[in-house]
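Me: I have a structure open here and would like to go through it. Can we take it piece by piece?

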Amino acid sequence: MALSGIEIFKKLPKKNCGECGVPTCLAFAMKLATGQAELVACPYVSDDVRAAIDEASAPPIRTLTIGAGDRAVKLGGETVMFRHEKRLENPPGLALVLSDTMDDSVVNEKLSKFKYLEFERVGLILRPQMLALKEESGDAGKFAAFVKRVIDQMDAAIILMSDRPEVISEALKVSKDKKPLIYAATNDTAEAMGSLAKESACPLAVKGSGLDEVMAITDKLLGMGLKDLVIDSQPVNVKKALEDQVVIRRSALVKKVKQLGFSTITFPGQLTDNKMKETLIASLLIAKYAGVIVLSEMEGHNVFPLLLASLNIYTDPQRPMAVEEKVYEIGGPREDSPVLITSNFSLTYFIVSGEVESSRIPAWLLIKDTEGLSVLTAWAAGKFAADTVAVFIKKCGIADRVKHRKLVIPGYLAGMSGELEEELPDWQILVGPREAAHLSAYLKQWSA
Ligand code: SF4
């Protein structure tokens, strides 16, 4: 259970030396409690106290990482049932399943498609990061060679899928440095799979028919000292899949059931033969509360909506997405190019910059820090008022980069143009269009 700031403070050394970056132990404790600091920043905490605080303040859904390097996928760390309570921490990993019985040409084609499944959205790169490699040949050597070939070809977080410990053992010989997720320990193989996970320091998935069986297996594995577990309750239909996800999350968060305090792995393709339905089920599982979603196919039309749903659900509702405050050059602007200003809400920036770019009129786009608020909201909150805009115009250096003194403000803020002219007497304030879609026509008039 998470500790309060005061409970953490009681365990700190109380030197108030400031070496952790904040002036007092109490302030450091408060930052630790809200996840804004790491305990490692205090050099005076003893190992015993560190272990006690780490254990007591660990999130009810354990954080774990599958894979290594750039494509590592972090799961868990969840502390709430609903996004609006605080935020959801780590979006689910989307995995494409590949079998060792597939023809090489099919595998190559799927891998080359997977490689190019990359989408830019509000300045972020969205892409699937996982491959689930499934043993269906019955041949441990063949599976290990298949795993090696895929790893050599593609940088991705790997899931090794086989119910047979001897097959996983062979595959780990060529892949354990990549920290794959081992899928899966069952009631019969828990001990053998647990030993492999322990020796290789890789995370382990648990597969049981229903939550009672899952809990019995996780209990056994916890007893062996394993902590990085992922669970699969093998639901028989969509209703049961959703029910299990909610029960797992609620049991871990509310009832503190430690046997269920883990991320989950799901297979929507096992619940339908229809590819579009598989995508729909995956979208439900993104909302409620899958850790890994293994898909039988990955194409742009099914992956992009899933990545987008995930982005929308897993952004922090307390922190609007924002871009950096600065002068952006669009299309190589010159001294006589138009100067426009808007807020640093990501969506505003990308829509406005996109419209300016498509107008083919080079321009200077001034982005003022409004803490991620959109133009009207920022104006209402006093973060896009004439006085603060004037301060930004003076300090951003745009006056040294253009010969003219004309500033285009968003159409919705026409009312502040007089006040802004008073604050910036050297500048002529022009009111731009209300809608970004009309910017192109507006800028063309400028150059005419
Ligand atoms: S470094 Fe440790 S002892 Fe020093 S102020 Fe921070 S928490 Fe307290």
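Predicted model: local features only at pLDDT ≥ 70, side-chain atom pairs only at ≥ 80, totals over all residues.

Me: At what angle do the axes of H10 and H11 cross?

Reply: Roughly 15°, and the axes of H10 (residues 275-287) and H11 (residues 300-314) come within 10 Å. Axes are lines fitted to C-alpha atoms, for helices over the stretch in contact, with angles from 0 to 180 degrees between N-to-C directions. H10 is therefore roughly parallel to H11 (angles under 35 degrees; over 145 is roughly antiparallel, 65 to 115 roughly perpendicular, the rest oblique).

Me: Which residues of H10 and H11 meet?

Reply: Thr279, Ala282, Ser283, Ile286 and Ala287 of H10 meet Asn302, Leu306, Ala309, Ser310 and Ile313 of H11. Contact is C-beta atoms, placed from the backbone, within 7 Å.

Me: Where else do helices pack?

Reply: H6 (residues 165-175) packs with H7 (residues 190-200) at about 15°, their axes 9 Å apart. That angle makes H6 roughly parallel to H7. H6 passes H7 in a right-handed crossing. Pro165, Ile168, Ser169 and Leu172 of H6 make the contact with Ala192, Met193, Leu196 and Ser200 of H7.

Me: On to the strands. Which strands form the closed barrel?

Reply: The eight strands run E3-E6-E7-E8-E9-E10-E11-E12, with parallel pairing; two strands pair if DSSP finds at least two bridges between them. Neighbouring strands of this sheet are turned by 25° against each other on average, direction ignored.

Me: How many bridges join E9 to E10?

Reply: Four, between residues 204-207 of E9 and residues 229-232 of E10. Lys207 stands opposite Asp232 in E10.

Me: And the whole chain, how many helices and strands?

Reply: The protein chain has 16 helices and 17 strands. Its C-alpha trace spans about 80 × 60 × 40 Å along the principal axes.

Definitions and conventions:
Residues numbered from 1 in each chain as written. Helix = DSSP H or I, 4+ residues; strand = E, 2+ residues; numbered from the N terminus. Contact = placed C-beta atoms within 7 Å. Left-handed = near helix turned anticlockwise from the far one by under 90°.
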